[in-house]
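Trainee: Could we go through this model together? I would like to start with the overall fold and then turn to the domains.
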Amino acid sequence: MPKPTLITELNAALGPRYVLHRPEELMLYEYDGSALDQATPEVVVVPSSTAEVAAVARIAQAHGLPLVARGAGTGLAGGSIADRGGIVVSLARMDRILSINPQERTAVVQPGVVNVELSERAAPFGLHFAPDPSSQKSSTVGGNAAANAGGPHCLKYGVTTNHVLAATLVLSDGSVVQLGGSAPDAPGYDLLGAVVGSEGTLGIVTELTVRLTANPEDVRTFLAIYDTMDGASSSVAAIIAAGIIPAALEMLVGRGITAVEESVRAGYPAGAAAVLLIELDGLHEELQVQQEQVVALCREHGASEVRVAADPVQRAKLWAGRKGALAACARIAPHYHIQDGVVPRSKLIEVLRQTEEIAARYHLIVVNIFHAGDGNLHPLLLFDMREPGVRARAIAAGEELLRACVAAGGTISGEHGIGLEKRDYIGWMFNADDLSAFADLRAVFDGAGLMNPCKLVPSGSSCADIRMAKGAQRALAAGAWV
Ligand SMILES: Cc1cc2nc3c(=O)[nH]c(=O)nc-3n(C[C@H](O)[C@H](O)[C@H](O)COP(=O)(O)OP(=O)(O)OC[C@H]3O[C@@H](n4cnc5c(N)ncnc54)[C@H](O)[C@@H]3O)c2cc1C
């Protein structure tokens, strides 16, 4: 139970309607898009302005409580779960697009703006927001910036950090800082670069200036169908090696294709071993040549068929299949543990095989649907949490999958972030000196250690200082239904 004085102070700052503390209200904020972790915050607040977020930060600091920013809660690494209790700051009411400047190709937005809504509002100007996570119908621009989200079209256009020009940040002591500016590449230390991808551990972003990207003159979308995973993987390497950077180059393997087709009816060939969803965009003349090259390369590497989307409706259907893939896998099993490892493209096939071998050893189903162009694997371990012991098996298998990515010369996250789930694995990538430098950087922004504590870097002495809220780390009971 939160202290009555805490609630009184928050009520005075925000109004009682926007201070949630009853158990049935808090339940909605116990988890994010990852299935494995769950914890109850003491309070959830829903501020409407930078000033209100700053007021909440001052109150939190006075009470020594952690602050956990929350966008749409679609994160896949447990980043917005309040595992140390404290105050969850939902940015849901800060959802306005403040301005769009078509000349400068920029927009100023509040953090709670849903990704796809920004592109919809920019469309009349022939512009869009390029980072397009598959969660874009619900995830927020603030969450995208905090996680440095990627998406299918980030292969060509770059991940979120390449599209953020400026941010307003509330620090844990309630002060407000402006980072970056509306002109690109602000001089001085790149503090904005440090904040993008910091997963809410440095401060709470309350406003963003982002780049908008011109819509391409022409787009070509293909579905290349394969009888083997090897053919699809070698096509990926061959396309990039030929000097072609598609706007998107996605791969779906085996059971995932059938699940997508049954769920979305997008025109995917149920039963194929693998498919590549390839999109080229750019100038009309240039694409004609590239299209021929890509089709030839796919055939040379074993594609049995290459279908070309005939019109925008077919294109949209193919993308609906890819973007609905995670949800479609609920047809196979109700729970998932998704990994986000990256491997060099030349190692795709080797690591894909390992994902199948590891999953089989742990008696789990694995489905691979991923951003193949940049080697960003998303092995989706599927299971039913009601099965006794399955949670521990999924965690162990997930860890082995990431070790396989690192052993192949890759890394443990391409876009979902580290959050809670992978926090204890970050030491595989960084040594003690690196982690100490991370802690120093963090302390510059958050001397009190209250901003999303114990995420991103392993628990250390700074974490021990954080008061553990009673009942905050409510472990998931074996066999519980999430
Ligand atoms: C079906 C599905 C598909 C997905 N596809 C992709 C994909 O293709 N690419 C990809 O990169 N990710 C993907 N994700 C993961 C997720 O959608 C992204 O990480 C997204 O950027 C999270 O946004 P959110 O608004 O939901 O943030 P949340 O989940 O609420 O928060 C994510 C992290 O950001 C912090 N945070 C949120 N808002 C702020 C803020 N204003 N200030 C400071 N910190 C903040 C939180 O504390 C947390 O650490 C997918 C998720 C799902 C469920």
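This is a predicted model: local features need pLDDT of at least 70, side-chain atom pairs count only at pLDDT 80 or more; totals for chains, interfaces and linings use all residues.

Trainee: How many helices and strands does the protein have?
Mentor: The protein contains 16 helices and 18 strands.

Trainee: What radius of gyration does the protein have, and what would a compact globule have?
Mentor: The protein has 22 Å, which agrees with a compact globule, because with 482 residues such a globule would have a radius of gyration near 23 Å. Its C-alpha atoms fill a box of roughly 70 × 60 × 40 Å along the principal axes.

Trainee: What percentage of the residues count as buried?
Mentor: Of the 482 residues, 52% count as buried.

Trainee: Changing topic, into which domains is the protein divided?
Mentor: There are domain 1 (97-214), domain 2 (218-316) and domain 3 (333-407).

Trainee: How many residues of domain 2 are in contact with domain 3?
Mentor: On the domain 2 side there are 16, in contact with twelve residues of domain 3. Helix 8, strand 13 (248-253) and helix 9 (255-264) each supply at least two residues of that side of domain 2. By class, this side has eleven nonpolar, two polar and three charged residues. The centres of the two domains, taken over C-alpha atoms, are separated by 23 Å.

Trainee: And at what angle do helix 8 and helix 13 cross?
Mentor: The axes of helix 8 (residues 229-241) and helix 13 (residues 348-361) cross at roughly 145° and come within 9 Å. The crossing is right-handed.

Trainee: Which residues make that contact?
Mentor: Helix 8 contributes Met229, Asp230, Ser233 and Val236, and helix 13 contributes Leu348, Ile349 and Leu352. These residues divide into five nonpolar, one polar and one charged.

Note on methods. Residues are numbered from 1 along each chain as its sequence is written. Helices (H or I, at least four residues) and strands (E, at least two) are DSSP runs, numbered from the N terminus. The radius of gyration is taken over C-alpha atoms; the globule rule is 2.2 Å times the number of residues to the power 0.38. A residue is buried if 20 or more other C-beta atoms lie within 10 Å of its own, exposed if 12 or fewer, and partly exposed in between; C-beta atoms are placed from the backbone. Axes are lines fitted to C-alpha atoms, for helices over the stretch in contact, and angles run from 0 to 180 degrees between N-to-C directions. A crossing is left-handed if the near helix is turned anticlockwise from the far one by less than a right angle, and right-handed if clockwise. Two residues are in contact if their C-beta atoms, placed from the backbone, lie within 7 Å. Ala, Val, Leu, Ile, Met, Phe, Trp, Tyr, Cys and Pro count as nonpolar, Asp, Glu, Lys and Arg as charged, and the others, Gly among them, as polar. Domain bounds come from an automatic or database domain assignment.
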